[in-house]
Amino acid sequence: MPWTDLVVFSHLRWAFVWQRPQHLISRLAADQPTFFVEEPIADPDVQAPTLRWAQNGAVTQVWLAMPGPDRHYDFDDPAAAGYADLLREFLGPARHRAAWIYTPVATALASAVEPSYVVYDVMDDLASFKDAPRSLREQQDVLLAGADIVFAGGRSLHQGILDRRPDAHCFPSGVETEHYLPARAARRRGARPVAGYVGVIDERLDLELIGGLASALPDWDVEVVGPVVKIDPVDLPVAPNLRYPGSRRYDELPAVMAAFDVALMPFARNDATRSISPTKTLEYMAAGLPVVSTSVPDVVADYSDVVCIADDVEEFAAGCRQASAMDALELDRLTWPTLRRQHWDSIVVRMTALTRRPRVLDLAAVEESV
């Protein structure tokens, strides 16, 4: 890498669902000291803002523990104004340091550690999320203008920033194929077919569709696996054949998917999903599962030849029945070329190569990546 240490600023915690930041940063950490800086968090055991850290393999997880009642803190929360000084002291003098940023809200904190190189990895349109601060769009514009290199985590995200950053590089999320292969050998047909979802349960899911699907498939079980975030659990639909097993660790996911016959991506069609490029599409494929999804633009553009697209309850239920009868060998024939191309190892190699280039606007490269 072109730097001596890497400081990552993420709105997702390292120990949360294993997603794009964890896949990329765990690989990048093999080449230099790497610090994963998280949002402040309330901690009843501290009397004043206190820097905490923990080692997770090669990655040092860092956060600011805040006194007082439990609430959400952004990176730029006035109560956490001392975060920058404590972080600078912890990291020591700036060398040839890089900042890798996942949320524009962390831009000022990232600047405080004096990076000589800034990467902005756009993994979500955070300004469209529920309860997003009004200033987020303006902060993103500042970061897009100032970053040395910009990556976009999907086709729609890439299109959405090209007017402000025409040299941004499109890198849809990938897959650790070998991690999910055990699901294939462990799969056994149960007494009832299972349609399952794995991921965060938040405002991006179409809860009405999930409830309707359970009713439309009374001879199936529907499993929605993952943590409930930013929505009230009492709003989740309830049915005799609908289950919410809770969050599962990354190493547990192959066993979870082994129990599925069909994988679900029941995303709502709203501002929060307009630009998503779901990582789970490839993870389901690696586990040997046929997939039924609503018409998320990136899924339609990239995977409509292998994913069944359905937007209402009747179509979704029919898609599940059709997908469960799909020939496994034919499914593999369609999916394996994509799985090989989109391995996280390959993505990191290509990203790393780009960080070694000077910042030059190459319109031909931009056109090729679109």
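I take buried to mean under 20% relative accessible area, exposed over 50%, and partly exposed in between, with a 1.4 Å probe and protein chains only. This is a predicted model, in which local features need pLDDT of at least 70, side-chain atom pairs count only at pLDDT 80 or more, and totals for chains, interfaces and linings use all residues. Residues are numbered from 1 along each chain as its sequence is written, and side-chain values use heavy atoms, with hydrogens and water left out.

**Entry 1: two loop residues**

I looked up Lys 230 to begin with. Lys 230 sits in the loop between strand 11 and strand 12. Helices (H or I, at least four residues) and strands (E, at least two) are DSSP runs, numbered from the N terminus. Lys 230 counts as partly exposed because its relative accessibility is 39%. Its phi is near 65°, a positive value in a residue other than glycine. I noted the background: most residues other than glycine have a negative phi.

I then turned to Glu 114. Glu 114 lies in the loop between helix 3 (107–112) and strand 7. Its phi is near 55°, again positive in a residue other than glycine. Is Glu 114 buried or exposed? With 52% relative accessibility, Glu 114 counts as exposed.

The order is 12-11-10-13-14-15, with parallel pairing. Two strands pair if DSSP finds at least two bridges between them. Which strands are at the edges? They are strand 12 (242–246) and strand 15 (307–309), and each pairs on one side only. On average, neighbouring strands of this sheet are turned by 25° against each other, direction ignored. For such angles, axes are lines fitted to C-alpha atoms, for helices over the stretch in contact, and angles run from 0 to 180 degrees between N-to-C directions.

I checked which helix packs on the sheet. Helix 12 (residues 313–324) does, touching strand 10 (194–198), strand 13 (262–265), strand 14 (291–293) and strand 15. The direction of helix 12 makes about 150° with that of strand 13. Contact here means heavy atoms within 4.5 Å.

**Entry 2: strand 11 and its partner**

Strand 11 and strand 12 pair in the parallel sense over three bridges. Glu 223 stands opposite Arg 243 in strand 12. I also looked at Asp 221, which belongs to strand 11 (residues 221–225). Asp 221 has a relative accessible area of 13%, so it is buried. What does Asp 221 contact, leaving aside neighbours within four places in sequence? Its contacts are Arg 192, Pro 193, Val 194, Ala 195, Asn 241 and Arg 243.

**Entry 3: strand 13**

I followed strand 13 next. Val 262 and Leu 264 point one way, Ala 263 and Met 265 the other way, and all are buried. Strand 13 pairs with strand 10 in the parallel sense over two bridges. Gly 196 stands opposite Ala 263. Strand 13 also pairs with strand 14, parallel, over three bridges. There, the bridge partner of Ala 263 is Val 291.

**Entry 4: the cores**

I take a nonpolar core to be a set of buried Ala, Val, Leu, Ile, Met, Phe, Trp, Tyr and Cys residues joined through side-chain atoms within 4.5 Å. The largest has 54 residues, and Met 257, Leu 264, Tyr 284 and Cys 320 touch the most other members. Which helix gives the most to this core? Helix 8 (residues 207–216) does, with five residues. A second, separate core of 37 residues includes Phe 9, Tyr 73, Ala 84 and Leu 87.

Leu 209 lies in helix 8. Leu 209 is buried because its relative accessible area is 4%. Not counting residues up to four places away in sequence, Leu 209 touches Pro 266, Thr 294, Asp 312, Val 313 and Phe 316. Leu 209 and Phe 316 are 107 residues apart in sequence but 8.4 Å apart in space, C-alpha to C-alpha.

**Entry 5: helices 1 and 14**

Helix 1 (residues 20–28) is mostly covered, with eight of its nine residues buried. In helix 14, the buried residues include Trp 344, Ile 347 and Val 348. Seen down the axis, the buried residues of helix 14 fall within an arc of 160°, so they line one face of the helix. The arc is that of the directions from the helix axis to the C-beta atoms. These buried residues pack against helix 1, among other elements.
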